[in-house]
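Work through the exercises below with the sequence and the 3D structure open. Try each task before reading its solution.

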Amino acid sequence: MRLLPLFIIVAAWQAASSAGWLPKALLPSFWEVASALGALVSSGEIFRHTASSFARAGAGFAIAVIGGIALGIVMARVKAVQRAVEPVLLLIYPVPKPALIPLFMIWLGIGDVSKVTVIALACLLPVVVASFNGARSVDDVLLWSARARGTSEHRLLWRVVLPAALPQIAAGVRTAIAIAIIVLVSSEFISAETGLGYLIFSYGGVGADDAMLAVVIWLGALGYLLDRLYLAGLRRAMSWHAFAH
Amino acid sequence: MPDAYLELRAVAMQYGSGAQAVAALQAIDLAIEEREFVTIVGPSGCGKSTLLYLVGGFLRPTAGTLGLRGRPITGPGPDRGIVFQRYSLFPWLTVRGNIGYGLDEKAVPRRERDRIVDEHVRLVHLEGFEERYPRELSGGMQQRVALAQTLACQPDILLMDEPFGALDAQTRRILQDEVRRIWQRDRRTVLFVTHDVEEAVALGTRIVVMSARPGRVKQIFTRGFDVAVGDEFEANPAFTDLKLRIWRSVKEEVDAVRA
């Protein structure tokens, strides 16, 4: 039932192609795209590229999550750190991160390091902001309660601030998952020899629109699946919290 | 003069500074003996919670000194347990985890910890709810957990900040009885803040009435009779009389704010 709108779009797309309203030069039919995807899957080629893409995105994402949580919480608790870091973050925030890729390639080479770095930077921001807000909005009553039960000032961070901020951090991490995929593909458009972004770019370049779209759909499906898995894992791991979604 | 168990001398508290400064408390002198149950009652905004937070060490007084067992209070510590009005449980810990929190912080050995936690689960009648999270409990049950969590730390003094203020009348009455039962059992020193005069008389062996802001100690009443667990104290003329006298004292302050 939830897939019904999707089904209608696909049916309309295929119908428009079959009726000749949608020229192949504009958009290949759904059937052609699906066949291209089938070929990519049965040859196993798409899995190879998926693996190298996920290694890059995963590395950048992991760095961003660990660094972002630490930075956001320290910013919320140490005024000096907040003053130092906040202007830099505000400046980086509106910059489209893929636009930094050429610069990073000059600094870090055209290999995986520059790609992972730009993914990490892009994912870092939502995690830092969520961790910062989460840590800052911890109720005084909880902090006081912990202090009156023997928690020292510096242990508060670990014992109270981090767990209390987790629901907000979890939302920031979810945003970071989507951003990781977006920036991953952009980074692989430029100077990559593997990866889903590379596949899209090279199929697009030779006019193989059906295969190009097949990879796009594959990516979309993977992103959706990741998000679902993440939410399901979260509900399990954080059953103490009433999630709104 | 020997120090009292808990002693407040010339305590004053001011929030903010300059033109925005608000004097919350002024010239508070108060001495509380060991095993006393002292209730503090006053109009809202009189600074009675602030007074409790100063004893808790969460706030620093603008002037004056506070001492417990002869030692000055300089910050929060497990010798002073506190029960807040609400939302003080750790949402990510179960009932067991919350009650055992202070014991974990003291690194009490596992077996000893579990024994103390079980004992306190029984004390507040929460058997069967040990593995629940706070959000799965009613307001009254959450306050039972908060009470057990505080008692499990074995504090010298129990601070209670309108702990039943957010509960319905029946639940409040039941929990008051629980607190009375626990106090009569282990005679721990209690400082209990409330805006409810009946609650103040039903629980306190001494009742401190505070003035409107800036809060001062206006009058101290001593309850000359006992209230037993399950007592229908409404039927006791001495109770009604004391309650009325205290209410009049509080009402003067409420009117003073209105005028």
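**Exercise 1.** Decide how many of the nine residues of helix 1 (residues 48-56) of chain B are buried.

Solution. Step 1: take the cut-offs. A residue is buried if 20 or more other C-beta atoms, placed from the backbone, lie within 10 Å of its own, exposed if 12 or fewer, and partly exposed in between. Helices (H or I, at least four residues) and strands (E, at least two) are DSSP runs, numbered from the N terminus.
Step 2: apply them. Eight of the nine residues of helix 1 of chain B are buried, and the helix is mostly covered. Among the buried residues are Leu51(B), Leu52(B), Tyr53(B) and Leu54(B).
Step 3: look past the end. Gly57(B) follows helix 1 of chain B and has a positive phi, near 85°.

The model is predicted: local features need pLDDT of at least 70 and side-chain atom pairs count only at pLDDT 80 or more, while totals for chains, interfaces and linings use all residues. Residues are numbered from 1 along each chain as its sequence is written, and chains are lettered from A and ligands numbered from 1 in the order in which they are written.

**Exercise 2.** Find the strand order and the edge strands of the open sheet in chain B.

Solution. Step 1: two strands pair if DSSP finds at least two bridges between them. Six strands of chain B form the open sheet, in the order 6-7-8-3-9-10, with mixed pairing.
Step 2: strand 6 (80-83) and strand 10 (217-222) of chain B each pair on one side only, and are the edge strands.
Step 3: strand 6 of chain B runs parallel to strand 7 (residues 157-161) of chain B, and four bridges join them. Val83(B) is opposite Met160(B) in strand 7 of chain B.

**Exercise 3.** Describe how helix 7 of chain A packs with helix 8 (residues 156-189) of chain A.

Solution. Step 1: axes are lines fitted to C-alpha atoms, for helices over the stretch in contact, and angles run from 0 to 180 degrees between N-to-C directions. The angle here is about 150°, and the axes are 10 Å apart.
Step 2: angles under 35 degrees count as roughly parallel, over 145 as roughly antiparallel, 65 to 115 as roughly perpendicular and the rest as oblique. Helix 7 and helix 8 of chain A are therefore roughly antiparallel.
Step 3: residues are in contact if their C-beta atoms, placed from the backbone, lie within 7 Å. Leu142(A), Leu143(A) and Ala146(A) in helix 7 of chain A meet residues of helix 8 of chain A, including Leu156(A) and Val160(A).

Terms used
Contact = placed C-beta atoms within 7 Å.
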